[in-house]
Every structure is written in structure tokens, then in C-alpha cells.
Amino acid sequence: MRILHEFSYERPKSLEAALALLGAHGAAASPLAGGTDLVVNMKMRSILQITENAGAKDARWPAARRVPAIQTPRVVVSLAELAELQGVRASGGALRIGPMTTMAELAARGDLPAALGALRDAAAIMGSPLIRNLATVGGNVANARPAADTAVALLALGAQLALDSKAGGRRVPIASFFTGPGRSVRRADELMTGIEVEAASGQGSAYERLGNRRQLEIALVGAAAWLAVDAASGKIADARIALGAVGPTPLLAPNAAAALIGMAPGSEAFAAAGKAARGEVKPIDDFRGSAAYRLELVEALVGRALEGAAARALGKGGRP
Ligand SMILES: Cc1cc2nc3c(=O)[nH]c(=O)nc-3n(C[C@H](O)[C@H](O)[C@H](O)COP(=O)(O)OP(=O)(O)OC[C@H]3O[C@@H](n4cnc5c(N)ncnc54)[C@H](O)[C@@H]3O)c2cc1C
């Protein structure tokens, strides 16, 4: 049995109380959403102890550096009672997605605008049904992993993240949120309280990913595309392309996206954007796949994501 280290568990009933706990304990506290990353990372410590006790020679993970992350918070702050962090609601001209919204909820939201299609695609394919019932979009973004599926989708959507602390709140564009694998600009006393995305007619987005298995697998490459098509000219008025698992954080491919502006949406333009996106990333070889294979995937998946985004922007069949 994997025994967790000792910690105290808090279940605040209000946002104010949650922020007070984070303010008081700082880096010693971890917010708990669905726990599908946090609890696994907390258990890593006992896995390591078991393997170390078995002797360095036989250990499957001979050094802690091979383990993705170990978290040993002294205080775990559950966000389960905070109703304001749940669900999707309209806020001005934008949609505000509560960070505690689960992947299963997002995947089932057939009423989300076509502009948010990438987010629904990403939520629908991550993990497994059991994981999707627990895993939240806020946890996926806050965890700041380069392959985080909804983080890549939200990057293409140009999301803004609301971060709140006892000292006040700030809005951070998701494009400036990630600073490295597992690292972000979020301070230890801050909670992500909202994810804001603008959506209008004529916009569509889609997310594509490939892993070594269909389920329960981290992306080898993930690609999200967002397009705004001008109703009068039928040309692409704005575009964003985001990529996962090809660098230390989810990344934008700004040159590939900029080259689409003013073009008619179609296979030729999308294939050219896929080629251009390849030139904007430097993936590494790892046990999941080689850098060369990842570059092939970037080109193919960007093209497919753009096709999906255009179909949604133009309200044409294919994807729901
Ligand atoms: C079997 C398995 C399969 C998986 N498959 C995938 C996959 O296909 N794709 C993928 O992207 N991920 C995958 N994951 C990883 C994980 O499920 C996701 O990252 C998930 O979205 C994390 O959300 P959570 O609610 O469980 O977060 P938690 O584990 O509760 O939290 C994750 C981190 O975010 C912090 N946090 C959570 N909410 C907030 C908040 N509101 N404000 C500030 N900090 C916060 C926590 O303190 C913690 O550090 C998988 C995990 C497992 C165990």
C-alpha cells in the first residue's frame, strides 16, 4: 500500500476562507481539485521509498530526478465546497469557466459555442472516463505540464486566467502563465478562480492529439487551432495555433497562425500552416517518441485541427 505523508486536510466553505488558508500557509499548502495529479504526485514519495528500500541496483526509478514531480504539502486545501469555482457561465461578452469544472462536464456541454470546440475536444479525450469524472480544467492548467490537453486548447482560445489572493486579484493571459515544466507565474497564495474565453459567431476551434495509446496516455503531440472567419469576405480574419508536448510548456506557433490571415480557409492554406508550425518548435527525443516523429505529427495535427476549426467556424457538418 502506498502511504501518504502526514498532512492536514482543510475543506473551506467560502472562497475567502480558502484564500486565507493559502495566505497563511503559502508554499506549504496545495489546493486540491480532482486530485488526479496532486494525489498521484503525493504518492510518488512512497513509491520512491519502496524502490530505494529495494536497493539502488533493482530500483525502477534509481533517482528522484526521473520522477516527474513529488508534492509533499503540509496542508491540503480542498476546493470542493466552493460553488463559485464550478460550471460555465456568461460574463459580459465572454464565458467564464469555473476551474473546478470537470472534463466530463465540459465534454458533455453540447451548448458551448463553436469557438470553444477545442476545449470540448480536449476534455473529451483526456485520461479515461474515471479520470474525466474527477479531473478539472483548473487542475490541468495549474499543473502546467507541457502536454496538458485543455491547457493547449485554452492557449489557442486566448484564455485569460483569474488569479485571486487575500491581497487582491489579477488577470493573466494564459500565454504568459506557463514558465517551465510544472511551473507557472501563480504565487503560492493565489488560487485560480476563473478561466475567461471570448466567443463570437464566425469563430471555431478544434483540438487534435496523438499518443501511443488511445486512452490513458499523455499526448505525443497535441495541436489546437482557433480561427475567426470574416462573414463578408469569407477570408480568415484571425488565427491562433497552439501545440503541446513539443517544448517545456504548451506553446503558440505565431508565425504559422499569422500566415493564415487574409487567406481563404482550405486544405492548401492549412497544409502550409502545418509545415510552418514545424519550424517553430524544437521537440526532444524521449521514451514516448523521437523528435523527428513529433515534427511529422506537428505538421499533420495542425492541418487537421485547422480543418476542424474551419468547419466549426463556417457551421459546416463534420464536427459537432
Ligand atoms: C491515469 C491518468 C491519466 C491522465 N491522462 C491525462 C491526459 O490524457 N491528458 C492530460 O492533460 N492530463 C492527464 N492526466 C493528468 C490529470 O488528470 C490532469 O492534469 C487533471 O486535469 C488534473 O486536474 P485535477 O482536478 O485532478 O487537479 P489536482 O490533482 O487536484 O491538482 C493539480 C495541481 O493543480 C493545483 N490546482 C488545482 N486547482 C487549482 C486552482 N483552482 N488554483 C490553483 N491551483 C490549483 C493543485 O494544487 C495541484 O498542484 C492523467 C492523470 C492520470 C492519473
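The legends below describe close-up views of a predicted model. Local features need pLDDT of at least 70 and side-chain atom pairs count only at pLDDT 80 or more, while totals for chains, interfaces and linings use all residues. Residues are numbered from 1 along each chain as its sequence is written, and side-chain values use heavy atoms, with hydrogens and water left out.

**View 1. Residues around the ligand.** The ligand is surrounded by 32 residues, each having a heavy atom within 4 Å of it. Pro31, Thr36, Asp37, Thr136 and Asp149 are the closest. By class, 17 residues of the shell are nonpolar, ten polar and five charged; here Ala, Val, Leu, Ile, Met, Phe, Trp, Tyr, Cys and Pro count as nonpolar, Asp, Glu, Lys and Arg as charged, and the others, Gly among them, as polar. At least two shell residues come from each of strand S2 (29-32), helix H2 (38-53), helix H6 (137-142) and strand S10 (191-198). Helices (H or I, at least four residues) and strands (E, at least two) are DSSP runs, numbered from the N terminus.

View 2. The pairs shown are N or O atoms within 3.5 Å. A side-chain N or O atom of Asp37 is 2.5 Å from a ligand oxygen. Leu38 places a backbone N or O atom 2.7 Å from an oxygen atom of the ligand, and for Gln71 a polar side-chain atom lies 3.2 Å from a ligand oxygen. The ligand taken alone exposes 990 Å², of which the protein buries 90% (Shrake-Rupley method, 1.4 Å probe).

**View 3. The five-stranded open sheet.** The strand order is S4-S5-S10-S6-S7, with antiparallel pairing; two strands pair if DSSP finds at least two bridges between them. Strand S4 (88-91) and strand S7 (168-173) are at the edges with a single partner strand each, so one side of each has no neighbour in the sheet. From one strand to the next the twist averages 30 degrees (axes are lines fitted to C-alpha atoms, for helices over the stretch in contact; angles run from 0 to 180 degrees between N-to-C directions).

**View 4. Strands S6 and S7 with helix H1.** Six bridges join S6 (residues 160-165) to S7 in the antiparallel sense. Gln160 has Pro173 in S7 as its bridge partner. Helix H1 (residues 15-25) packs on the sheet and touches S6 and S10, contact meaning heavy atoms within 4.5 Å. The direction of H1 makes about 120 degrees with that of S10.

**View 5. The hairpin of S4 and S5.** S4 and strand S5 (residues 94-97) run antiparallel and are joined by four bridges. Val88 stands opposite Ile97 in S5. Two residues lie between the strands of the hairpin, where Gly92 takes a positive phi near 65 degrees.

Technical notes:
A polar contact is a pair of N or O atoms within 3.5 Å; within protein, one must be able to donate a hydrogen and the other to accept it, and residues adjacent in sequence count only if both atoms are side-chain atoms.
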